Amino acid sequence: MSLWFPRLAAERSQRANPVDAPFALTLFDRNSERIYDLCPRAEDFGLQRGMTLVHARSFCPSLLTRPADPEADQRFLRLLARWATRYCPWVGLDGRDGLFLDITGSAHLLGGEEPLLDDVRARLTRAGLTARLGLAGTPGAAWALSHFAEGIAKPDEALARIGPLPLAALRLSQETCTNLERLGIATVSELYNLPRATIARRYDQSVLRHLDQALGAIGEQISPLKDEQNFAVRITLPDPIGLLDDVMAGTRRLLNHLCARLDTAQKGARLLKLTFRRVDQENQSVELRLARPMRDAERMLALFERGVSAVDAGYGIDMIRLEAVQIEELGMRQLDRAQGREKDSLADLITQLGNRVGLENILRFAPVDSHIPECSFKLVPAAYSNPVRAWPSRRPRPLRLFPPEPILGDGPQPPARFRWRGRSLTTTEAEGPERITPAWWEDNDSWAHGLRDYWRVGTRQGQRLWLFHTPQNPGWFVQGEFG
């Protein structure tokens, strides 16, 4: 059985936010905003898929539009595939807007093939979805019926049912259909009556293959969707609870079950969602974002405690659900005990702070392969990066680096005395110069003075500074301070 949803994207969007007006989804393509999908009311104005939005509004000024979301459409299609397993266990995707169902041995459960199609059509109609259905002995013939002539074709009636249909019913490319139509071949029957040797010489083998698949001369396998692992557990309580100790005890039990499943799959959780259902049917949720993948129940429980303590239990909680919303690979590792504790404690600290201010706001420095001091590092989220064991540097670099600050000085040698940040400093030692030339391929205004000669300068007052001199436009600057 082939299920085709000709308006899947538009109807999915309208299910979430209904619109009582001509409506279309748009997508930026070929340097312009174009119609991606539309509703029947918009089609009544002569609008079509692929039409530019400007052109469409000239036909229908009252057209309402939203941006298309092809990824959300695919997720919705997968949900429909999961729903379709109520009729058979073998369901596969057909492009971006269709499904294939292998109902062999399943039709009799609903009284036959016609009652099965009626039940599918009625349920999809109640859900607000337009669907066209075709049922035949092969996927190719079923596809042709669902797209061009809804109905049922018995195995011995395949050619009679799909013969009058256009060549596009064989899932041939538009270019191939056009070439055949120029020769006066417009239907499947006319193609079937041609000598096979002639077709093989003039066209690609895919033409004969699609024809044979539709008529059953060549088998075609339906690839079923793989079952996605769902890492979620829940507990339903016989009596409502409200004390923090009782809620934490239920959470501990769920974490033990969830971590056992994660351990079996060699995965770790990065985002956990704990949902509490109260007796008044209100739901409250607590999210826990982890700094790195984890499946340690005791550590997760401690990190959950702050969020759980803020939950309003109302008249009691009768159901707790825990779900690993985001998971990552986490294989078995053998670590030194002290090293493991140090990494775990740092990750827990980042997790606790990140759940307050956001994991993306806790940053660490990472090296960048650049000889320009200002460009030799970058800030990255600590939760999504690994620390660098040894910072790569051929020359000593200051612990603190800041934008260049001008000081008074003459000549190419460091000044014996200079004033910096309101203090008078006396030079006691100087090591250098280290010449750094600007990156000519980059537009960097801070290097407008040209190349720089860097010096490491020690002062009598205790500061160890990083100074540089610009010989092309004489001047002295302080850019860093050593620890």
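Predicted model: local features only at pLDDT ≥ 70, side-chain atom pairs only at ≥ 80, totals over all residues.
Biologist: Is Asn 31 buried or exposed?
Modeller: Asn 31 counts as exposed, because its relative accessibility is 72%. The cut-offs are under 20% relative accessible area for buried, over 50% for exposed, and partly exposed in between, with a 1.4 Å probe and protein chains only.

Biologist: And where is Asn 31 found?
Modeller: In the loop between strand 2 (23-29) and strand 3 (32-38). Helices here are DSSP runs of H or I with at least four residues, strands are runs of E with at least two, and both are numbered from the N terminus. Asn 31 also has a positive phi, near 65°, and is a residue other than glycine.

Biologist: Got it. Which peptide bond is cis?
Modeller: The one from Gly 432 to Pro 433, with omega near 0°. Pro 433 belongs to strand 17 (residues 423-436).

Biologist: Let's zoom out. How many helices and strands are there in the chain?
Modeller: The chain has 14 helices and 20 strands. With a radius of gyration of 34 Å, well over the 23 Å that the globule rule gives for 483 residues, the chain is more spread out than a compact globule. That radius is taken over C-alpha atoms, and the rule is 2.2 Å times the number of residues to the power 0.38.

Biologist: What box do the C-alpha atoms fill?
Modeller: Roughly 100 × 70 × 50 Å, taken along the principal axes.

Biologist: How much of the chain is buried?
Modeller: Buried residues account for 43% of the 483. As for contacts (heavy atoms within 4.5 Å), look at those between residues at least 6 apart in sequence: 56% of them join residues at least 24 apart.

Biologist: What about helix 12, how far does it reach?
Modeller: Helix 12 (residues 244-265) has 22 residues and spans 31 Å from its first C-alpha to its last, close to the 32 Å expected at 1.5 Å a residue. The expected span is 1.5 Å times one less than the number of residues.

Biologist: Which of its residues are buried, and what covers them?
Modeller: The buried ones include Val 247, Met 248, Leu 254, Leu 255, Leu 258 and Cys 259. Their cover includes strand 9 (232-241), strand 10 (267-278), strand 11 (283-294), helix 13 (297-309) and strand 12 (317-329).

Biologist: What comes just after helix 12?
Modeller: Gln 266, with a positive phi of about 55°. Gln 266 lies in the loop between helix 12 and strand 10, and with a relative accessible area of 26% it is partly exposed.

Biologist: Another glutamine, then. What does Gln 229 touch?
Modeller: Ala 265 and Lys 267, not counting residues up to four places away in sequence. Gln 229 and Ala 265 are 36 residues apart in sequence, yet their C-alpha atoms are 9.1 Å apart in space. Gln 229 sits in the loop between helix 11 and strand 9 and is exposed, with a relative accessible area of 54%.

Biologist: And Gln 213, buried or exposed?
Modeller: Gln 213 is buried, because its relative accessibility is 11%. It is part of helix 11 (residues 205-215). Beyond its neighbours within four places in sequence, Gln 213 is in contact with Thr 138, Arg 171, Ile 218, Gly 219 and Glu 220.

Biologist: Last stop, Arg 464. Where is it, and what does it touch?
Modeller: Arg 464 is in strand 19 (residues 464-469). Leaving out residues up to four places away in sequence, Arg 464 touches Val 457, Glu 481, Phe 482 and Gly 483. Its relative accessible area is 39%, so Arg 464 is partly exposed.

Biologist: How far is Arg 464 from Thr 427?
Modeller: Their C-alpha atoms are separated by 9.6 Å, and the two are 37 residues apart along the chain.

Methods
Residues numbered from 1 in each chain as written. Heavy atoms only, no water.
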